[in-house]
Amino acid sequence: MSKANEMNLLIVEDDDNFREMAVAWMRRKGHQVEEAANAQEALKLFEEKYFQVAIFDMNMPGISGLELLQRVKSDGVETQILILTGQATIENAVAAMKMGACDYLTKPFPLADLEHRCRLAHDLWSLQKENRQLKAVIARSRPGKFLIGESKPMQDVMRLIKRVGPTDKAVLIQGESGTGKELAAQAIHHASEVRAEKPLVTINCAALPEQLVESELFGHEKGAFTGATATKSGLFEVADGGTLFIDEIGELPLSLQPKLLRVLEDGSFRRVGSHQERRVSVRIIAATNRDLSEEVADGNFREDLYYRINVMSLVLPPLRKRGKDVDLLINHFLKPDWSITEDALALMQKYSWPGNVRQLINALERATILAEENLVTIEDLPLEVVESTDSGETPKRSENVRRLDMIERAHIIEVLKEEQGNKARASRTLGIHRRKLYRLLERFEIDETSYRD
C-alpha cells in the first residue's frame, strides 16, 4: 500500500479478542495501528502520538467511550472518531455524533466494513486538513510575482531552478537583501512535480521575536505559555505535503536548530506544550543574506544543519551585476501609461542599487507619486540616485548635474522675484504644476529669504 493510502489508526476496545483481530486485520492491510484496552491507555497514547482516525467502543469499564470522546474533543485533538455500539445503544451513538464523532457502526460487523468506515473517516480528516492549510495559506499569501531578467547571471539562476525544482531536495538561496530570494523560492516550489499543488508557506525568522519562532514553526497547545488561549497548528503542519520557505534562516535561534534538524531528518516534531509526536512531509527552502559558513565557524549556526539545508545552493546576483535587466525591471514595474525621461533613465541605469530590486521598486513607486502628467523626471527620483557617483558615474558627470541644479535653482528664484513671491503665478510661468514647484523649493532649499527683498 502506498503512503498516500496508509492510515494512522487507534483502536480502543475492552474486548481483547475483537481488538486483536481488528488490529491484525488493519496491519495486514498496510495501516499503522496502535491499540488500547481502556480509555486511560488511550489518553496516554493521545499524549504521545498523533492519529488520523480513532475507533472507540461505546461501553467500556471506567471511562466510557462517550466520556472519552468528550475528553478528546475538549482537548482540541484533530482526529476523526468512529464509535462502535451494540443495538441497544444506538441512541447514545447518535448523541456521540452530535458531540463530534464522525460515524458509528453497530456490532456485529465484518472487519472489511470497519476498514471502509475508517477510510471514509480518513477522507474527512484529509479534507479538513486541506481546508485548514488553505485558510492558513490564504491568510499569509501575497499577489503572485515572478523573476525577471535576461542577463547571463539571471539566466544561470533560472536554468538552475528548472533543474532543482522537480527534485525534492532542500535548497539554500543566498544573496543580498532585495535580490528576490522569496521569488526564487516560489519558482522552485512551482517547478516541483509533486508539491506544486500543495501549499508554499513562508516564515521570516528575522521578523519574529525569538520566543515566537518556535510556536510559529511547530505550533502550540492551549495553555502552553502566557497568551496561548487556543491550540494552534504550526507552519510545518500548514505546509504538510508542500514547501516551507524559511527566510533569514541565519537568524534562527541556536536553541531551535536541533528541532529543525530533526524535522529535516525524519519529519517528526512536537508542538510547544505537547508530548505528542507528529509527522509531516515538507520540502525546505531556506534563504539568507549572511555567509552561513562563517556563522558555522563562529559557532552561531550548527554545522550539521548547514549541510542538511545546503544540499543545493542558489546564489542570486545583485542588481549592479545584471546590466540591462535594470531597463526590464523599470519597464515592468513602472505603472501602465507612464513613461520616464531619458536623463532620468540614464541615472537609474548607472546607479549601483545597494538595496537591489526592492530599492528600485520603491524608487519607482515614490517617483510616480511625485511626478506630474504620468512622466517620471530627474526631479522625481530620490536624491541618492540623482547625486550618486557609483557604478560608472564619473566625477565630471556628477559636477555637471550639480551645475544644472544651480542653474535651475537660480531660474526658479528669478521667476519668484518677478512674480513677487506668488507661487501660483510662478508655477504657471515655469510651466509646471504648483505641487511640483513646492517639491523643487524643498529640494533646492529655497525659502522666502531667497526671493523677497
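Tutor: Let's begin with a pair of strands: strand S3 (residues 53-57) and strand S4 (residues 80-85) run in the parallel sense and are paired over five bridges. Two strands count as paired if DSSP finds at least two bridges between them. Helices (H or I, at least four residues) and strands (E, at least two) are DSSP runs, numbered from the N terminus.

Student: What should I know about the model itself?

Tutor: It is a predicted model, where local features need pLDDT of at least 70, side-chain atom pairs count only at pLDDT 80 or more, and totals for chains, interfaces and linings use all residues. Residues are numbered from 1 along each chain as its sequence is written, and side-chain values use heavy atoms, with hydrogens and water left out.

Student: Back to that pair, then. Which residue of S4 does Ile 55 stand opposite?

Tutor: The general idea is that strands of a sheet pair through backbone hydrogen bonds, either parallel or antiparallel. Here, Ile 55 faces Leu 82 in S4.

Student: What is the strand order of the open sheet of five strands with S3 and S4 in it?

Tutor: Reading across, you get S2-S1-S3-S4-S5, with parallel pairing. Strand S2 (32-36) and strand S5 (103-106) are the edges, each pairing on one side only. On average, neighbouring strands of this sheet are turned by 20 degrees against each other, direction ignored. Helix H4 (residues 90-98) packs on the sheet and touches S4 and S5, its direction making about 165 degrees with that of S5. Angles like this run from 0 to 180 degrees between N-to-C directions, and axes are lines fitted to C-alpha atoms, for helices over the stretch in contact.

Student: Is Tyr 104 buried or exposed, or something in between?

Tutor: Buried means under 20% relative accessible area, exposed over 50%, and partly exposed in between, using a 1.4 Å probe and protein chains only. Tyr 104 sits in strand S5, and its relative accessibility is 24%, so it counts as partly exposed. Contact means heavy atoms within 4.5 Å. Leaving aside neighbours within four places in sequence, the contacts of Tyr 104 include Leu 82, Ile 83, Ile 90 and Arg 117.

Student: What kind of peptide bond joins Lys 107 and Pro 108?

Tutor: A cis one, with omega about -5 degrees. Pro 108 belongs to the loop between S5 and helix H5 (111-140).

Student: There's another open sheet of five strands, with S7 at one edge. What is its order?

Tutor: That one goes S7-S10-S13-S6-S14, with parallel pairing. Its edge strands are strand S7 (200-204) and strand S14 (312-315), and the twist averages 20 degrees from one strand to the next. Strand S6 (residues 171-174) pairs with S14 in the parallel sense over four bridges, and Gln 174 has Val 315 as its bridge partner in S14.

Student: Now helices. How do I read the way H13 and H15 pack?

Tutor: Look at the angle: under 35 degrees counts as roughly parallel, over 145 as roughly antiparallel, 65 to 115 as roughly perpendicular, and the rest as oblique. Helix H13 (residues 325-333) and helix H15 (residues 356-370) pack at about 45 degrees, with axes 10 Å apart, and are therefore oblique to each other. On the H13 side the contact is made by Val 326, Leu 329, Ile 330 and Phe 333, and on the H15 side by Val 357, Leu 360, Ile 361 and Leu 364. Those residues divide into eight nonpolar, no polar and no charged. Here Ala, Val, Leu, Ile, Met, Phe, Trp, Tyr, Cys and Pro count as nonpolar, Asp, Glu, Lys and Arg as charged, and the others, Gly among them, as polar.

Student: And at what angle do H13 and H14 cross?

Tutor: Roughly 125 degrees, and the axes of H13 and helix H14 (residues 342-350) come within 9 Å. This pair is therefore oblique too. Val 326, Asp 327 and Ile 330 of H13 meet Leu 345, Met 348 and Gln 349 of H14, giving four nonpolar, one polar and one charged residues.
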